[in-house]
Amino acid sequence: MRWLSSLSAVAVALVASAAQAQTKIDFFFPVPVDGKLAKEMTRLVKVYNDSQKDVAVTAVYTGSYDETKLKAQAAAGAGKPPAVVLMSANFVLDLKLAGDIVSLEPQLKADSTTREKFLADFWPALWANATVDGELYAIPFQNSTPLLYYNKEHFKAAGLNPDKPPQTWAELVDDAKKLTTADHTGFGLPEGYDYMGWIMEALCLSNGGRYYNEDYGGEVYYDTPTMLGAAQFVEDLVFKHKVMTQGVVEGPALSTNFLAGKVSMMLLSTGSLSFVRENMKQPWGVAFVPRNVRNAVPIGGASLVMFKGLSDEQKAAGWKFAKWLSSSRFTGYFAPRKSSYDTPDMKDFMAKNPEAKVAIEQLPYAKPWFATYQTVAVRKALEDEIQAVLNGKKKAAEAVKDAQKNADALMKPYVDQTALKVP
């Protein structure tokens with residue numbers, strides 16, 4: 001029976017060896033919009049784990065975009081960095097400046113490819129937020145743009161054509177006035193932290209402006225005619241035109257009100273499409289974000305990054321998983337890779353859900369997402385002021401000036417060490 005013991009020992013050794021060969025990594029992910037995204041992300045991780053034996057991924061839900069950033073930094077600081085983090089795409093620059101994330105160029109080299117070749121399959125609008133100083137630091141994945149959602153039943157009741165949503169700010173105001181009744185308001189915006197900054201960028205861009213310097217992390221353009229016009233538009237929607245609720249309305253509350261028929265039109269993320277599709281009882285549609293000067297929207301959503309402190313094995317495992325994840329179609333968001341739309345299942349999905357085409361059709365007008373040194377704090381400098389406007393505590397003109405002053409103070413250390421550091 002000694003030979004049986006020997007065989008058992010060999011089997012145990014082989015199992016132990018296989019277990020040791022499997023690289024275990026953590027994957028941190030947020031759920032910033034409505035829907036079943038946490039469940040879907042967990043499902044995708046299980047599909048990946050079941051498809052191969054080299055990498056074991058543990059999915060960790062980490063809350064909002066802002067919370068995910070803090071938790072990933074804390075884990076890295078404790079010596080347990082997540083191998084892959086689904087990070088708000090506009091945090092990539094700030095994380096690189098802080099030294100929190102690693103360049104993905106070594107992984108490209110290991111794959112015998114280049115940044116240009118790797119990004120060629122991704123929508124061009126996504127490239128800017130994935131690269132810093134000519135190096136790849138992120139893989140686009142869960143991306144979005146704002147969209148105008150509207151209730152077609154309300155349009156009919158107001159005598160409006162349900163197949164002709166507003167294309168300009170003027171048309172939006174006119175339609176919203178007709179749509180506003182004792183039972184529902186004509187229009188709504190998500191006005192909580194994070195969402196508000198993104199929406200204000202959309203309005204600034206569509207007013208012909210630039211929210212920030214896309215090539216330098218120390219400049220924002222809050223005190224400008226284009227941002228002032230956007231802020232004044234928001235103020236007027238509430239206090240002059242009376243088509244939007246006074247006060248700060250968070251994103252989830254806005255979508256709930258839309259589903260309940262209490263809001264006729266709203267600006268919300270592409271990422272909420274699946275949630276609205278599954279829960280809206282009345283006919284609805286989506287359209288481009290209305291323009292004042294031009295069609296333009298910011299890219300939103302999240303990209304996959306890798307934190308410092310990983311072993312070579314963990315980096316390789318994280319890279320393998322991130323590439324696989326970016327090739328999947330994520331519920332609600334548009335797929336980051338152009339090739340995804342050539343697959344039979346995607347063609348079938350798009351045919352059954354024509355509203356999903358709008359985000360893709362809007363991509364030629366998409367711009368990079370606001371990204372600076374101290375991104376979150378600089379973003380909040382504007383959000384605080386716009387929220388004050390919504391609450392009736394400030395006027396738009398004062399708000400943008402104060403936002404600029406506060407943002408400049410936050411960026412000053414970086415500016416002093418870069419643009420103002422001269423020989």
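Student: Of the 423 residues of the protein chain, what percentage count as buried?

Tutor: This is a predicted model, in which local features need pLDDT of at least 70, side-chain atom pairs count only at pLDDT 80 or more, and totals for chains, interfaces and linings use all residues. Residues are numbered from 1 along each chain as its sequence is written, and side-chain values use heavy atoms, with hydrogens and water left out. Buried means under 20% relative accessible area, exposed over 50%, and partly exposed in between (1.4 Å probe, protein chains only). Of the 423 residues, the share that counts as buried is 56%.

Student: Is Phe-29 buried or partly exposed?

Tutor: Phe-29 has a relative accessibility of 1%. The limit for buried is under 20%. Phe-29 therefore counts as buried.

Student: How are the ring planes of Phe-29 and Tyr-61 arranged: stacked, edge-to-face or tilted?

Tutor: Rings of Phe, Tyr and Trp (its six-membered ring) pair if their centres lie within 6.5 Å; planes under 30 degrees apart count as stacked, over 60 as edge-to-face and the rest as tilted. The structure holds 22 aromatic pairs. The centres of Phe-29 and Tyr-61 are 6.0 Å apart and their planes stand at 45°, so this pair is tilted.

Student: Which strand holds Tyr-61?

Tutor: Strands (E, at least two residues) and helices (H or I, at least four) are DSSP runs, numbered from the N terminus. Phe-29 lies in strand β1 (residues 23-29), and the pair links distant parts of the chain, 32 residues apart. Tyr-61 lies in residues 55-61, which form strand β2.
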